[in-house]
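Student: Could we go through a structure together? I would like to begin with a helix and then move on to the aromatic residues.

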Amino acid sequence: MWTNWSGGQQSRPRATDRPLDEAGVVAAVLRAADRGQRIRPVGARWSWSPLAVTEEVQLDTSALTGVVGLEPDLVRVRAGEKLQDLLPELSRHGLALAAVPRGDGVTVAGAVSTGTHGSGAGVGSLSSLVQAVRLVDGTGELRVVDGPDLDAVRTGLGALGILTEVDLAVVPELPLAAYEQLRPLVELLDEGVLDEHSWVELEVFADGHALARWADPVDPGDAETPERRAAVRAAAAVGSAAAAGSAHALGRVAPRLAPAFRRSASRWSGSTTGPPHRVLVVERPVRAEVSEWALPREALGHALRELDAATAARGVASRMPVLIRVGAAETGWLNPAYGRATAWVAVRVRRGTDAEPLFGLVASVLGDVGGRPHWGTRHDWTSADVDARYPRAADFRRVRDRLDPHRLFATPYLDTLLGP
């Protein structure tokens with residue numbers, strides 16, 4: 001039995017291949033084709049959607065790890081490498097990725113294929129960093145994609161081939177000074193906090209407050225000065241007091257939310273300084289089901305008001321805070337941020353809770369304002385929705401017809417999402 005990280009997706013593949021190298025991937029694909037079977041790659045199991053679910057052949061990429069090559073502006077990495085291993089390796093060379101997601105347990109291929117993202121108005125997803133890929137297509141041919149098809153492969157959903165290596169743009173690593181503060185959501189949005197910092201996210205609670213977290217680069221020499229350490233300690237004291245007081249107040253209004261709030265508020269105890277992969281990554285993410293939507297950036301305020309009103313009217317609000325992040329417009333044809341500056345809204349429900357009533361309402365409200373679902377999270381979209389919201393969907397299908405003409409990488413879920 002295969003299950004994803006949250007336990008919400010399960011399958012019983014008839015066989016599992018675990019190739020040790022690129023040649024092994026080619027052999028596995030050809031073997032599946034000869035037997036008339038479909039084959040589906042699987043990474044770290046961090047997706048909440050059924051993208052990796054298959055009852056046929058599962059290709060385990062866990063052995064396809066390691067850095068192949070490193071240059072001042074580029075890293076070539078095997079597709080099964082997890083970000084939790086790649087990011088520290090880059091840091092040892094004074095380099096970093098411009099986009100660092102909250103969770104680093106994902107593989108490079110999984111992050112690229114689903115549009116996994118961090119948060120910053122000027123920063124795209126992991127997919128936006130892709131400069132070239134090596135993949136095995138549906139005929140068993142090994143291809144290098146670095147030209148016109150690259151925007152199809154960026155956020156390719158595993159429908160075009162099995163990635164074996166990925167070239168990602170890198171940047172010089174700078175330490176980040178990060179802070180957190182609890183304030184009314186309306187004030188934060190009115191002041192434009194989502195556009196003022198290199199990295200920023202909001203966790204929104206039922207009482208209308210939000211815990212804002214933001215980070216900006218600092219000069220490496222300044223990061224360790226006595227003045228910087230004193231400033232961080234002072235900010236931490238203020239932040240801790242504000243968070244503790246607000247948690248106490250929230251506990252009086254909505255006691256069930258107070259434990260979740262305290263866990264969120266204690267992430268940095270006010271502030272911290274360090275390299276991006278240590279500052280921005282959540283160390284112990286809560287196991288939950290997630291439905292995340294990419295909205296036109298300008299629609300965020302209206303969408304949150306509509307969502308708040310709808311969940312209150314139906315009585316289906318989550319006990320977990322709503323997570324808000326932002327990102328730049330992307331060029332990947334099926335990236336949820338394609339062609340527009342984006343606000344990401346993630347609604348989370350603890351594992352073991354029936355998420356369908358809430359997630360159905362979220363899809364309706366956020367879909368009505370132009371939202372597109374994050375492919376790695378829960379949604380109910382079909383190919384008709386994809387065609388309506390993605391201007392380059394037909395171009396993606398033409399590339400798919402060429403790279404996987406016999407639909408070797410298809411599943412019932414992909415058939416629903418992309419068509420047969």
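Student: What should the 15 residues of helix 9 span at 1.5 Å a residue, and how far apart are its end C-alpha atoms?

Tutor: Helix 9 covers residues 300–314 and should span 21 Å, which agrees with its end C-alpha atoms being 21 Å apart. The expected span is 1.5 Å times one less than the number of residues. Helices (H or I, at least four residues) and strands (E, at least two) are DSSP runs, numbered from the N terminus. This is a predicted model, in which local features need pLDDT of at least 70 and side-chain atom pairs count only at pLDDT 80 or more, while totals for chains, interfaces and linings use all residues. Residues are numbered from 1 along each chain as its sequence is written, and side-chain values use heavy atoms, with hydrogens and water left out.

Student: Which residues of helix 9 are buried?

Tutor: Leu 300, Ala 303, Leu 304, Leu 307, Ala 310 and Thr 311 are buried in helix 9. They lie on the same side of helix 9, because they cover an arc of only 135 degrees around the axis; the arc is that of the directions from the helix axis to the C-beta atoms. Buried means under 20% relative accessible area, exposed over 50%, and partly exposed in between (1.4 Å probe, protein chains only).

Student: What covers that buried side, and which exposed residues are on the face turned away from it?

Tutor: The cover includes helix 5 (185–190), strand 17 (288–296), strand 18 (322–327), strand 19 (342–350) and helix 10 (356–368), where contact means heavy atoms within 4.5 Å. The face turned away carries the exposed residues Arg 305, Asp 308, Ala 312 and Ala 313.

Student: Which residues do the ring pairs link into a cluster, and what lies over the face of Tyr 390?

Tutor: The cluster consists of Trp 293, Trp 375, Trp 381 and Tyr 390. Arg 372 lies over the face of Tyr 390, at 4.8 Å from the ring centre. The criterion is NZ of Lys or CZ of Arg within 6 Å of the ring centre and within 35 degrees of the ring normal.

Student: Another arginine, then: where does Arg 213 lie, and with which side chain does it make a polar contact?

Tutor: Arg 213 lies in strand 15 (residues 209–217) and counts as buried because its relative accessibility is 1%. Its side chain makes a polar contact with the side chain of Glu 203 (2.8 Å). A polar contact is a pair of N or O atoms within 3.5 Å; within protein, one must be able to donate a hydrogen and the other to accept it, and residues adjacent in sequence count only if both atoms are side-chain atoms.

Technical notes
Rings of Phe, Tyr and Trp (its six-membered ring) pair if their centres lie within 6.5 Å; planes under 30 degrees apart count as stacked, over 60 as edge-to-face and the rest as tilted.
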